[in-house]
Amino acid sequence: MSTPFDLFSFAKRIPATPSIGSTTVTKPDHIHLSFGFAAPHLFPIEQLSRAAYEAVAQHGRKALQYSGSGGPRKILEWIQNRSLVHGIKAELNQIMVTYGSTQGIDLAARMLLDPGDHVWVESPSFFSALQAFRTAEAVITSFPIDEDGLRVDLLENALLEAGRNNKPIPKFIYTMPTYHNPGGVTLSNERRRRLAQLAETYNFFIVEDDAYSELNFSGRKFPPLYTLIPERVIYLNTFSKIIGPGLRLGWMIADKRVIEKARLLNLGGSIGVFTQEILAQLLDGFAFQEHVDQLILHYSEQRDVMAEAVQSSFGDHVTFHLPEGGFYIWLQFGKHVNTSDFLRDAAEMGVSFVDGKSFFAKQEGYPYARLCFSYVSEEQIVRGVNILADAYFAYEEQRLFGLTKQQPL
Ligand SMILES: Cc1ncc(COP(=O)(O)O)c(C=O)c1O
């Protein structure tokens, strides 16, 4: 019997598959090395409940109303001041609060891309960004990363070649220069400067996704690309990693003409004004730097535990870059390994990870896996990595000798 959906066609631009290749996990004792989630015990719960009470009492009637205006000015001022710490100078009319930085990515795609336009990304890249660009019906071209981030030299060669042969130049380059997701790498200062020069010479935008920049474990500082070429950068950041992702609040900083365009696309008025009021109340007098220092201490310890566990469980079967910040360790296996082949086995054994393929425009990242150290406990990290190694070595044994679990060596 046919259903209404058999007779109906959805818009062609809707992607065929979800952006992320993570396993759906149902077991309660499952260890989620896949989840890029914040550590729940570090949410400022008590301060938030006081802030929520005050915000509702003081601003509830206004905040619950439709709001065509930009939400509480205090948030914009907080973003303005905090950005200054990172060298970013912006007027208030250059800042827009977004529904997380994911909405910032989506707005950038919708502002800049017509179907068939070109966007260049890192390989690997953030799966939701890839999905946004697919939905915008863009042509996505990928450039590899190494220990120093995006291979700007290869990008420059491609631009030269495009210029010589009259081929399309990208409308923008989407990059995560600092503590890349999933690669964990950071773009060197020299490459930052070169990329900024290229944006100017070839007339493209850079969408700079800076979601993890506050989680700086090493203390080394890198200038946001925005500080190098502000008129060419759409800078995105988020409260997700520093307060809590459930807020769904982030921000965009760009030239005010870009922000005006973004506002035109942002139907439904200002984003979550009610939530913004609560956040504004929290940030007022909040010891933010102390809070960030706590996050850094915790996440850097978690990173160390995971790095050690990976080294001792996998030995030289994997390589990875030790991230100086952020949430992730990106494992590279031997060329023959297809991590999708043991994703399900690992899940059955009680551990989830994200399959490398999800991070590649053409899904070619089969020998990679992303592990996240932010959400689980140290004990779970060690146990999870051990289980993952068991799943991997069983897969290797099966691949090499064709043996099943019932036929031990
Ligand atoms: C690089 C990057 N950008 C954006 C996001 C999404 O952030 P938000 O919760 O602000 O939408 C994430 C979350 O994992 C991320 O890793």
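Reply: Gladly! Let us start with a space inside: the second largest cavity holds about 40 Å³. This is a predicted model, where local features need pLDDT of at least 70 and side-chain atom pairs count only at pLDDT 80 or more, while totals for chains, interfaces and linings use all residues. Residues are numbered from 1 along each chain as its sequence is written, and side-chain values use heavy atoms, with hydrogens and water left out.

Me: What makes a space a cavity?

Reply: On a 1 Å grid over the protein atoms alone, a cavity is a set of points where a 1.4 Å probe fits but cannot get out, and lining residues have an atom within 4 Å of a point. Grid points are joined across faces, edges and corners, and the volume is the space filled by probe spheres set on the points. The count comes to 2 cavities of 30 Å³ or more.

Me: Which residues line the second largest cavity, and how do they divide by class?

Reply: The lining is made up of Ala-38, Ala-39, Leu-42, Phe-43, Lys-241, Ile-242, Ile-243, His-291, Leu-295 and Tyr-299. By class that gives 8 nonpolar, 1 polar and 1 charged residues. The classes work like this: Ala, Val, Leu, Ile, Met, Phe, Trp, Tyr, Cys and Pro count as nonpolar, Asp, Glu, Lys and Arg as charged, and the others, Gly among them, as polar.

Me: And what lines the largest cavity?

Reply: Arg-82, Ser-83, His-86, Glu-214, Tyr-235, Asn-237 and Trp-251 do. Helix H2 (73-85) and strand S8 (233-238) are the elements that give two or more residues to this lining. Helices (H or I, at least four residues) and strands (E, at least two) are DSSP runs, numbered from the N terminus. The largest cavity has about 50 Å³ of space, and its lining has 2 nonpolar, 3 polar and 2 charged residues.

Me: Why is the contact between Arg-194 and Glu-156 called a salt bridge?

Reply: The term asks for a side-chain nitrogen of Lys or Arg within 4 Å of a carboxyl oxygen of Asp or Glu. Here the closest N and O atoms are 2.5 Å apart, so the pair qualifies. The two partners sit 38 residues apart, Arg-194 in helix H6 (residues 189-202) and Glu-156 in helix H5 (residues 152-164). The structure holds 15 salt bridges.

Me: What about Glu-396 and Arg-399: how are they placed along the helix?

Reply: Their side chains also meet in a salt bridge, at 2.8 Å from N to O. Both are in helix H12 (residues 378-401), and because they are 3 residues apart, about one helical turn separates them.

Me: Is Glu-396 buried or exposed, and what about Arg-399?

Reply: Buried means under 20% relative accessible area, exposed over 50%, and partly exposed in between (1.4 Å probe, protein chains only). Glu-396 has 8%, so it counts as buried. Arg-399 has 35%, so Arg-399 is partly exposed.

Me: Why is Arg-344 called exposed?

Reply: Its relative accessibility is 63%, and that is over the 50% cut-off, so Arg-344 counts as exposed. Arg-344 lies in helix H11 (residues 340-349). Its C-alpha atom is separated by 9.3 Å from that of Ala-391, 47 residues apart along the chain.

Note on methods: 1 Å grid on protein atoms, 1.4 Å probe; cavity = no way out; pocket = protein on both sides within 12 Å on 5 of 7 lines; lining within 4 Å.
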